[in-house]
Amino acid sequence: MPGRPQAAARSGAAGHEGAAVGLPARPFGYAMLATLGVGAGLAVLGALAAAATVLVYVGLALFLALALEPGIRSLISRGLPRWAAAATLVVGFAMVIALFVVAILPLAVQQVSVFGTQLVEALRDLPDQAWYAWVTSNLGAFDLNGLLSSLTDLLADPRQLSAIAGGVLQVGTGLINGVTAVVIVTALTIYIALTLPTIVSAVLRLVPRSRRDLTGSLLTEVLDSVGRYVSGQLVLAITNATFTLLLTVFAGSPAPILLAIIAFVAALIPVVGTVIGSILVVLATLTVNPVGALVVAIFLLVYMQVEAYVLSPRVMSRAVAVPGVLVIVAALAGAALGGVLGALVAVPVAAAGLLVINRVVIPLQETR
């Protein structure tokens, strides 16, 4: 009899072990909960994907508002209240956007048509060039005449161009969406620039009081650093576009306003943007003026050196110093994830992450 309690204890332990390793008490309920959890997760991801465009607009507006912040603080230091300083810069920003949409964009679209006509004429005159005759006579396996004839027919024959009417319609839709995006981003930028301190205060209220001072200091430094970087990159892009416009007008390049816009957008991309924009400008000039293309290439090469060693250190002197390797990796990763827009915002995000590492992670590791 004394062995019965021990046997019962052993059987109870074995029963508990079996319950631990076996199926749960309500397997159907657990399966339903897991299914609902996965469904909720997929629904959230689908909602984020559907709202991706809106999130991009908000992020772009935030970066533009941060670019205006150094100027707003400069006006505040001269005695203006924040609302007046913000209103001054925001009105100026809105006027620049309106001038671009109303005056510059139609000229750029018109110059696209002119450039297309000039390109067709240049292709028709190409057989008269000496180098073209040398290529066709020495490289017989390469049917340059047939390629040139097909390309000229495609650009000159409206019946063949009608085959890509769907693409033209998509371009028109994209242009309308682009104008809509400009209006939305401008409105969001105005709102964020006017209410940035309020937004920062609201975010800090979500942080525990014991960490609020450190978080506020770090957040302010991150926003200042990103703002200085974005504003500096905009200054460099405007300088590049202005120089390109003057140079292409002087060299007789086709569509100088369009080439200046291309140079501005390309210059916003760090490291390789200026090089890509310069190559496109030289190739466009080459179609109508080979000597002018050589002149443009020389002057743009000199400008890139001046920008790298004179302008960029002065403009970016107060921004966070980001190692060159990190800039390249961030730009490539941003371009892979989000295209041109991803490449534009990748470096400021990397700079903010580097600042957090220097201010939080490294001091925390030093105390351990």
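Thr274 lies in helix H11 (residues 273–286), where helices (H or I, at least four residues) are DSSP runs numbered from the N terminus. The model is a predicted one, in which local features need pLDDT of at least 70, side-chain atom pairs count only at pLDDT 80 or more, and totals for chains, interfaces and linings use all residues. Residues are numbered from 1 along each chain as its sequence is written, and side-chain values use heavy atoms, with hydrogens and water left out.

At 10% relative accessibility, Thr274 is buried (under 20% relative accessible area; exposed is over 50% and partly exposed in between, with a 1.4 Å probe and protein chains only). Apart from neighbours within four places in sequence, Thr274 has contacts with Asn240, Ala266, Ala267, Ile269, Met304 and Glu307, a contact being heavy atoms within 4.5 Å.

One aromatic pair is counted under the rule that rings of Phe, Tyr and Trp (its six-membered ring) pair if their centres lie within 6.5 Å, with planes under 30 degrees apart stacked, over 60 edge-to-face and the rest tilted. Phe243 and Tyr303 form this pair, which is stacked, at 5.0 Å centre to centre and 15° between the planes. Phe243 belongs to helix H9 (residues 209–251) and Tyr303 to helix H12 (residues 290–315), so that the pair links distant parts of the chain, 60 residues apart. Phe243 is partly exposed, at 26% relative accessible area, whereas Tyr303 is buried, at 7%.

The pLDDT, the predictor's confidence in each residue from 0 to 100, averages 74 over the protein, and 69% of the residues score at least 70. Residues 13–20 have pLDDT below 50 and zero contacts in the model beyond near neighbours in sequence. Where pLDDT is low, the predicted coordinates should not be read in detail.

Key. Helices (H or I, at least four residues) and strands (E, at least two) are DSSP runs, numbered from the N terminus.
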